[in-house]
Amino acid sequence: MTAPVADRLPAGLARRIALAAQGFAEPRPSGVVDGRHLRRMTSRLAVVQIDSVNVLSRSHYLPAFSRLGPYRRRALDDLAGRRGELFEYWAHEASFLPVRLHPHLRWRMAAAEEHAWGSMVRIQRERPGYVAEVLDRVREGGPLKASDLAEPRPDRPGSMWNWHAGKVALEWLFYSGVLTTRGRTAGFERVYDLTERVLPAAVLQTPTPEPTDAVRELVRTASRALGVATERDLRDYFRLRPAPARAAIAELVEAGELLPVEVAGWGAPAWLHPEARRPRWVRARALLSPFDSLVWERPRVERIFGFRYRLEIYTPAAKRVHGYYVLPFLLGDRLVARVDLKADRQAGVLRVQSASAEEGVDRTEVAAALAAELELMAGWLELDAVVVTERGDLAADLSAARGWR
C-alpha cells in the first residue's frame with residue numbers, strides 16, 4: 001500500500017531543502033578552513049566523486065572549495081591518507097567516502113562478479129594464478145602501482161580504459177575489497193595496498209551487515225545528503241539497483257525515517273528526510289564541479305533548477321555548445337550561469353573560455369558575483385590573474401565587472 005503524502009512542498013522550498021542538505025545554506029567559514037570543516041563536509045556529502053581530468057583542478061578538490069572557500073588541498077589529502085578517515089571505492093563512481101561506510105559496501109565487494117565490468121571479471125576467471133601473483137607481490141613487497149608491473153599495454157588507441165593485465169588484476173582486487181588505495185601519486189596513479197594495512201582496525205573489526213541492512217543504510221545516507229529526493233535520486237547516489245533500493249525506501253518510510261511528499265512540478269513521488277532543514281532563503285555563491293553531488297544527476301538538476309546541463313568533454317570540439325570543462329554557477333538558490341574554465345598553469349592565469357547566462361537573470365548582478373568567485377578560485381589555485389575570452393553571452397558583462405580587457 002502506498003504511504004499517504006506527509007506534506008506538499010512548493011518547488012522553491014524543495015530547491016532550498018536540497019541546497020541546505022548539500023551544505024549551501026550556511027555561510028563559508030570566516031577564518032582558516034581546517035580539518036574539522038572538511039570532516040563535516042565529507043560526512044554530510046558521504047560521497048566525493050573522483051575524476052582524473054585536471055584541466056582546472058582534480059574534481060574531488062572542488063566540492064570543498066565550492067562550500068567552504070579557499071583551503072589547503074593537502075588537508076583533504078590527509079583525511080584520505082595518513083588520518084585514515086576516508087577511503088576510496090566505487091560508490092557513485094570512483095569516490096572518497098567516510099570509513100564508516102566501508103562495512104555497508106562489503107556486499108558489493110563480495111558480489112564483485114555481478115557489479116564489476118568485463119575485463120576485471122574475465123581476468124579473475126581466466127587467469128586466477130596471475131591475480132594471485134599480483135596479490136602476493138603486494139602482500140610481500142608492500143604498496144604497488146600499476147606502473148610497477150612490467151606488462152605490455154593493449155593496442156587500443158583513444159581508449160581511456162587502455163589497461164594492461166597488471167592494472168586489470170589490481171582493479172579486480174580493489175573492486176573485490178582485498179586491496180584499497182594507500183594514496184595517489186602526483187600523476188594521480190593509484191597506490192594499492194592490502195585493505196587490512198590501510199583501514200583503521202575499528203572499521204575492519206566492524207561486523208559486516210546483511211545486504212538488506214547495508215542498502216537501507218546507504219539509502220538513509222543518500223536521503224540525508226539530498227534532503228528531498230525521488231526514488232531515482234536515492235538510488236543514483238550509491239548506484240543501487242531498483243528492487244533493493246525500493247525495499248529499503250519502503251522500510252524507511254514505515255520506520256518514519258523517510259516522509260513521502262509531493263513537490264510541485266516534479267511529477268514523481270518524493271521523500272523528505274525528517275531532519276532536513278527548510279531554509280527561508282539561501283545566499284550561496286559557488287562554482288560547481290561537473291562531478292559535484294549537487295549536479296551529477298542531470299535529470300535532478302533539470303527538475304530542481306530548470307537547468308539543462310550536459311558534460312561535453314567527450315563531444316567533438318566543433319559540436320560543443322558551452323565548452324570542454326563547464327562549471328555551473330550557483331547564486332542564491334539558483335543556477336544562473338555556466339563557465340568553461342581552464343587553469344593555464346604555465347601562464348599563471350585562470351582562463352574563462354566561455355561564459356553564458358541563463359535566461360531572465362540580472363546579467364550585471366550575475367557578472368559581478370561570478371567575477372568575484374573567479375578571482376577567489378584563481379587565488380586558491382595559485383594563479384595570478386583571470387583572463388576572459390569573448391565567447392558566450394555573459395563574457396562582455398564579466399569582463400566589464402572587473403575591467404578585464
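Let's start with a charged pair. Arg40 forms a salt bridge with Glu26. Their closest N and O atoms are 3.1 Å apart. This is a predicted model, so keep in mind that each distance I quote is computed from that prediction. The two partners come from distant parts of the chain, 14 residues apart. Arg40 sits in helix H2. Glu26 sits in the loop between helix H1 (11–21) and H2.

In general, side chains of opposite charge can pair when their charged atoms come close.

Here is another one. Glu217 and Arg100 meet through their side chains, at 3.1 Å from N to O. Glu217 is buried, because its relative accessible area is 12% and the cut-off for buried is under 20%. Arg100 is partly exposed, at 39%.

One more pair: Glu302 with Arg310, at 3.9 Å from N to O. Glu302 is partly exposed, with a relative accessible area of 35%. Arg310 is partly exposed too, at 38%.

And salt bridges can link up. Glu88, Lys167, Glu171, Arg184 and Arg190 are joined in a network.

Now a charged residue without such a partner. Where is Asp51? Look in the loop between strand E2 (48–49) and helix H3 (62–68). Asp51 is buried, yet has no salt bridge. The nearest side chain of opposite charge is Arg58, 7.2 Å away. What does lie close to a polar atom of the Asp51 side chain? The backbone nitrogen of Val53, at 3.0 Å. Leaving out residues up to four places away in sequence, Asp51 touches Arg58, Ser59, Phe188 and Phe291.

Hold on to Phe188. It belongs to the hairpin of E5 and E6, which has five residues between the strands. There, Phe188 takes a positive phi near 75°. Strand E5 covers residues 179–184, and five bridges join it to E6. The two run antiparallel. Thr180, for example, has Asp193 in E6 as its bridge partner. Why call E6 enclosed? Five of the five residues of this strand, 190–194, are buried, so E6 is largely enclosed by the rest of the structure.

Next, an open sheet. It has three strands, in the order E2-E4-E3, with antiparallel pairing. Which strands are at the edges? E2 and strand E3 (86–90), each pairing on one side only. E3 and strand E4 (residues 94–98) pair over five bridges. Tyr89 stands opposite Ser95 in E4.

Ala46 is not a glycine, but has a positive phi of about 70°. Ala46 lies in the loop between helix H2 (35–45) and E2. Its relative accessible area is 1%, so it is buried. Glu382 has a positive phi as well, near 60°. This residue is in the loop between H16 and strand E14 (385–388). Is Glu382 buried or exposed? At 67% relative accessibility, Glu382 counts as exposed.

Last stop: the cores. In soluble globular proteins, nonpolar side chains tend to be buried together. The largest nonpolar core here has 114 residues. Which residues have the most contacts inside it? Leu56, Phe238, Leu341 and Met377. Helix H16, residues 363–380, gives the most to this core, with nine residues. Take Met377. Not counting residues up to four places away in sequence, Met377 touches Leu56, Leu62, Phe65, Leu287, Leu327, Leu341 and Leu350. There is also a second, separate core, with 29 residues. Among them are Val263, Val282, Ala286 and Val301.

Conventions:
Residues are numbered from 1 along each chain as its sequence is written. This is a predicted model: local features need pLDDT of at least 70, side-chain atom pairs count only at pLDDT 80 or more; totals for chains, interfaces and linings use all residues. Side-chain values use heavy atoms; hydrogens and water are left out. A nonpolar core is a set of buried Ala, Val, Leu, Ile, Met, Phe, Trp, Tyr and Cys residues joined through side-chain atoms within 4.5 Å. Buried means under 20% relative accessible area, exposed over 50%, partly exposed in between (1.4 Å probe, protein chains only). Helices (H or I, at least four residues) and strands (E, at least two) are DSSP runs, numbered from the N terminus. Contact means heavy atoms within 4.5 Å. Lys and Arg count as positive and Asp and Glu as negative; His and the chain ends are not counted. A salt bridge is a side-chain nitrogen of Lys or Arg within 4 Å of a carboxyl oxygen of Asp or Glu. A polar contact is a pair of N or O atoms within 3.5 Å; within protein, one must be able to donate a hydrogen and the other to accept it, and residues adjacent in sequence count only if both atoms are side-chain atoms. Two strands pair if DSSP finds at least two bridges between them.
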